[in-house]
Structures are given as C-alpha cells and as structure tokens.
Amino acid sequence: MTRLEDILDIVAGYIPGTDLALIRKAGLFCAQIHEGQQRLSGDQFYTHPYEVALILTHLRLDIPSIAAALLHDVLENTAVTKNYIADEFTPEVAELVDGVTKLGKMSFRPGEERQAESFRKMLLAMARDLRVILVKLADRLHNMRTLDCLPEEQQLAIARETRDIYVPLANRLGISWIKSELEDLTFRYLHPVAFAELEAKVARHRGEREDYLADVQKLIQGKLAEHDIHGEVSGRFKHLSSIYNKITRQGVDLHEIYDLIAFRVLVDNVRDCYAVLGTIHATWKPIPGRFKDYIAMPKANLYQSLHTSVIGPHGERMEVQIRTHEMHRIAEEGIAAHWKYKEGQGSLPTVGRDERRFNWLRQLLEWQKELKDAGESMTSAKVDLFPEEVYVFTPNGDVFDLPRGSTAVDFAFRVHSDVGLRCNGARINGKMVPLKTVLNNGDTVEVLTSPKQRPSKDWLTFVRSSKARNRIRQWLKAEQREESLELGRELLDKAFRKHGYNLNKLIASGKLDGALKEFGLPNVDDLIATVGYGKLTSLQVVGAVIPQNEIKSQLKQGKIGQVLDKIRKKPSSAIRIQGIDNILVRFAKCCNPLPGDPIVGFITRGHGVSIHASECPHTLDIDPVRRVDVEWDSRKKELHVVGIRVFCNDQKGLLANISAALTKNEVNIVSAHISASGDGQASCLFDIEIVDLEHLQKVMTTLRKVKGVKDIERTRQRQGTS
C-alpha cells in the first residue's frame, strides 16, 4: 500500500490538518474490491486507480476527487452500485464516480475536426462537474503511459482518440504538463519510426547541450542578481512532439531548428516580469517578431506569460519565458488551480479577477459557498458549459450539436432534410419514443422514415432548430401553393365559363396579362394561386379581363356579414359565427379541432368558413382581414374524426384490448395503422370518432390503463392528410 501512503502524504501537504479518512477508506476498498483482477500488463488492477489518484494530487485536487479517482472503475468492473458508494462514502463521491463511468462508455468515431470538437463539447456538457473531466484526463494519461501491453490496433485507436479529444481538452482546461505528456505519448504510438529517430537525435544533441544549458542558467541568474530581482531560472529541452511539429510544419531538419532549448524565469510579481524582460533584451539581441505578451493579453485557457526569443551566447537562438509563480501554477494546473487551500479551508474563485481571466468560462462557472471546515467536502463545481446546446449520437457514432430542447424531428432534419421530411418515428437509446421527445446530452438517436410520411404543421409547435422550422414551413408553403393553384383554377374556370370564356384559352392567348399588370403579379400561376389563397376573388379577375359591357354578373363587394349571407342556408354544423348558425364550414385538416378546443375562423372563397385551432401555426400565414369570431354551438352534438397515436409493447392480444377499451367508451374506429419496431415495441395510429375534447380525454385516460400501453398522444393530422 506504499502508493496509498504516498497519496495521503501529498494531500496532507497541500491541505494541512484535514481528515484523510475518506481517501484511506476509498484506497483500501479499491484494493479489496479489485482483488484478483489484473491489467493486461500483469499488474494488479488496483495499481491503476492508485496511479490516477496520484496524478490528481499533482493538480492539488480536493478530497472527494481523490476518493473518486480511487473508485472510478468499481461501477464498471465490479458489482458495486452507485447507491452503495453514496452510502459508504458520500453522495458527492458517488456522483463523480458515476460521471467518470458514463464518460468511459462513450466511444468517439474518428472524423473531421468539427466532429472531434463536438465530442469534446459533449464530454464537457455531460460531465456537469469539471472534476469529472479532470479524473477522466488523469485516467487517460495513465492508460497512455501503460499502452504497451495492448495489441497494436488498440494502441492506434486509443492514441488517435487521445490526440483528437484529450490533448485539446487538456489544453482548453489549461493543464499544460498533461497536454505535453499526452502529445508525446500519442506521437510515440502514431508515428513510432519518426519518434524513435527523433528521440535518438535529440538524445545525442542533449549530451552536447547540457553544459550550454547550465552556463546560460548561471548567466541569467547573475543578471537578475545584478538588478536585485529575486527569481528562479530553469532550462529544458522542448518536448519531442513540439520539435516534430516544427520540423514537419517548417520542412526542416533537426539541426536547422535553433530554439530547441527554452529557459523559464519565475519571479514574485508582474513588475519583475517586465524588468526581467528588459534585462534579457539588454543582454542579448531579441529576434524581431518573436515577442509575445500573454500577461497583458492572456490566452483563452487562462495562460499568462511573457515569451521572447533572443540570440544568446555563442550566437545561438534561445527562447525565454517569464512569469510569476502564480502564473506558473495556473499554467501547469489550469482550471485545477482554482482549488486553493489556505489555512485549512478550501475555496473557489468568486466573480472578479479570476472570472475575468478565465474568459471561456466567464458565464459558465457557478461557484457556490465556501467550505465550513477542512474536513467537509468541497462544494460541487457544477456548471453547464454549453447551456444553449445538446450533443447526441447517430447510430454510427457521429456527434451532432442541436439547440437545447431539440426533439427527434430536429435531429432528423440535422441528419438530412429528406430524412426530416419523411420521418415517422424515432428510437432514443434503443426505445421507441414520440417524435416530440426532447433530447438529452449523450442520447443515441435513430430516425425511422416512410416514403408516405409528410411533415405535419403540429411539428412547428415543438421543433427548436431553425433548419427544421424553415424546412417544414417551406414544405407546407409549397403544399399550400399546390392546393391554392388547384382551388384557384377551379374558381376562375367556373367564373369565366359563366361569361362564355374558357380559362385555358385565355391563358394561351395571353389575355390574362392585363390582370397580371393590374394586380402586380409576375405570372399566371401566381394569379391563380392568389385567387386560391382568397387574396383576390374570381370576380375581380374576371372584371380585369373581360370588358365591362360584356360582363353579365357584376362584382358584389360588401362586409363580412354580406359574405356570410351568401353562404348561409348550407348544411348545419356545431359552429356559430358571430352569433349566426347554419353557415357552411369546414374543419381545417392541419389542426383538426374538436369541440372544447379554442378556435378561430377564416373566410375562404367557395368553401365557406375554415375552422382552425387557435394554436395552429397555419393561422399565422392567413390574412387577418379574413378572420371572424367563431364558437362551438353547445346545442349540437356531432362526431368528429381525430387521430391518436398509441405507443405500446408488441404483444399478443394488446390490439384487441385497445379496441375493447375504445368500444367501451362508445368510440368508432375509422381507420388504424400498426407498425412494429422489431424490438418488442409498436406504434398504433388510429382515426376515431369523438364528440368533443372531454370525450377524447376520457378515452385517452382509459387507454393508459390498458396493460402494455406506454404512452398516448393526440395527432393533429389524421391519416392520409397533410
């Protein structure tokens, strides 16, 4: 248990006086529960979580994080449950372990950079607690350190994922030493020949340069002393991956790279940083264009430092980095540097300097109250890193980003417009769900399509993405135009025939051109569609085409009441319009309103008054001048056909039970369509005759009690309508 004692000693060093019982208990439990399990390397399995915890001590993380690192594999590799961890340790530790486990089950499918960026964002969004990401980074780092024992194919896959996901993630979180080590390790496995050659060359070069390194360190230290500046000077060779990237990018050989060596100067304050810079530039000639001030303009990941390159001793180029001790700690630890311990109390950064410096989390960090004592676990640093987005998988492993609150229909249109237009069902994480189901981070979504399916106006009430909304509206508008063309042609043909004219001949002869000019329309189709929409009457067009002395029937204009008079004495309905009944009405197929639904009416040309549900999106596109006040006539009871969708198990006898339940409620089934998904689930579409909304609600309540029925929803459109 030497490693456990090392962990305890280090934590005691940066959180002095705290109770380490939770870490010790987690460490002992880890060894016990993983007893008998071995890694592919032959080591005892518990050595891995011990090493992960040890890595996190270098980030000076809090006690729950270290305990979670020790336990991070128990949910996946043992019979231990999350509830057990919560009871035996703490709920906070259980949440961290569960978060790491969930991230571990996600697999990244290599692809373009945008795909990798979406995956990284999803990891952050799913974590909800940044400490989960830190544990996962430490887990990946140790796995990369021990990658030799795996088959070559797995080595390459893990190395690629590390390069694409975890290296940029470590960089984004500002943890430079983890980023650099992961970069070197991925270089070793992805380019083994180049790695071996460069390692050998640098090793030979290193032997020649050790004395130079020591001499320059002494020179810089002496210059600081001359100016009464207290500072620490260190020198190092650049990382192999950094050298390789420069060789590849610049197309040069190793001996042509002059700044293989970098020196770092750590001082007490910002003033001394600039004083050291002046001293370096006064001593050696600076190289133009190689100075960067990341103190005045910090990087987005919190990094601050002065960088300069100079012509050093013996005419050789060298890079010098100058920063304060605090800046160096933040450069090494990144976001983890925010877990500070002073006088035995852990605290988190508040709004102010730290938040302003950590730009990319400016509006995301939701730090909570400080700890009451060192023994109390740190308040969870819970954040919502991407509050406006949700990240979901396709069955093939691609990651798509969508607006928060998006549904299966939004996902379908995100895949492809044709998929969205033909989607008629969805599976989320393998289960059949309604199309309006809201998606969560990490969901795997599969869309079911049918060549007979068409978009519904109901979809506009729940889709969130602009692409889905625009494509649905475009389709509906095109569909509405086709209907308007058909209706307009019918109305004009009838009107012209009354005066002895044929519409097709008028079109062919160009005699409608005068009407086009009068009404400001570009072509005949637009003229016909405008009549179909009801924006122009057929009589107005006739008046613009046929000379007045030939017109046998004059255009009669009037108020809405006059129009209503013309369509009275038609078959009665359960609708009263502005207090008048016996008006010709038709119920809009786009929303299919029932008695009890709030409704609105619109005067149409040739079809009386069209009745829509008040919430119907289609009403937004209709001329408000044609709107009339309508109400249900409670004196009349009529049957209305309404569509319902029943989500249920695919089992024998269930359809008979559903049918019996409908009959029990005095409901007649007009049509039915049953589709089984092949995974034990089914979706049933029924068109049924209902008296009113209250009747429908009673029917749906009864159906929900049928064994095997999982959910029911009302569909605004009936089968075969659009």
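1. Basis. Residues are numbered from 1 along each chain as its sequence is written, and side-chain values use heavy atoms, with hydrogens and water left out. Because the model is predicted, local features need pLDDT of at least 70 and side-chain atom pairs count only at pLDDT 80 or more, while totals for chains, interfaces and linings use all residues.

2. Serine 41. This residue sits in the loop that runs between helix H2 (21-33) and helix H3 (47-57); helices (H or I, at least four residues) and strands (E, at least two) are DSSP runs, numbered from the N terminus. Serine 41 is partly exposed, because its relative accessibility is 37%. The classes are buried for under 20% relative accessible area, exposed for over 50%, and partly exposed in between, with a 1.4 Å probe and protein chains only. The side chain of serine 41 has a polar contact with the side chain of aspartate 43, at 3.3 Å. Such a contact is a pair of N or O atoms within 3.5 Å; within protein, one must be able to donate a hydrogen and the other to accept it, and residues adjacent in sequence count only if both atoms are side-chain atoms. From C-alpha to C-alpha, serine 41 is 8.2 Å from leucine 150, although 109 residues separate serine 41 and leucine 150 in sequence.

3. Positive phi. Asparagine 429 is not a glycine, yet its phi is positive, about 55°. Its place is the loop between strand E11 (423-428) and strand E12 (431-433), and asparagine 429 is partly exposed because its relative accessible area is 46%. Glutamate 666, also not a glycine, has a positive phi of about 55°. Glutamate 666 lies in the loop between helix H25 (654-664) and strand E21 (669-676); its relative accessibility is 72%, so it counts as exposed.

4. The model has 20 salt bridges, where a salt bridge is a side-chain nitrogen of Lys or Arg within 4 Å of a carboxyl oxygen of Asp or Glu. Among them is the bridge between lysine 82 and glutamate 95, at 3.0 Å from N to O. Lysine 82 is in helix H6 (residues 82-88) and glutamate 95 in helix H7 (residues 91-104), 13 residues apart. Another joins glutamate 181 and arginine 145, with the closest N and O atoms 2.6 Å apart. Glutamate 181 belongs to helix H11 (residues 176-190) and arginine 145 to helix H9 (residues 130-145), so this bridge ties together parts 36 residues apart in sequence. Glutamate 181 is partly exposed at 23% relative accessible area, and arginine 145 is partly exposed at 34%.

5. Other salt bridges. Within helix H11, lysine 179 and glutamate 183 are 4 residues apart, about one turn of the helix. Their salt bridge has its closest N and O atoms 3.2 Å apart. Arg3, Asp6 and Glu51 form a network of salt bridges.

6. Helix H17 against helix H19. Helix H17 (residues 408-415) packs on helix H19 (residues 466-497) at an angle of about 85°, and the axes are 8 Å apart. H17 is therefore roughly perpendicular to H19, a class that covers 65 to 115 degrees. Axes are lines fitted to C-alpha atoms, for helices over the stretch in contact, and angles run from 0 to 180 degrees between N-to-C directions. Val409, Asp410, Phe413 and Arg414 of H17 meet Lys467, Ala468, Arg471 and Ile472 of H19, contact being heavy atoms within 4.5 Å.

Note on methods:
Parallel < 35°, antiparallel > 145°, perpendicular 65-115°, else oblique.
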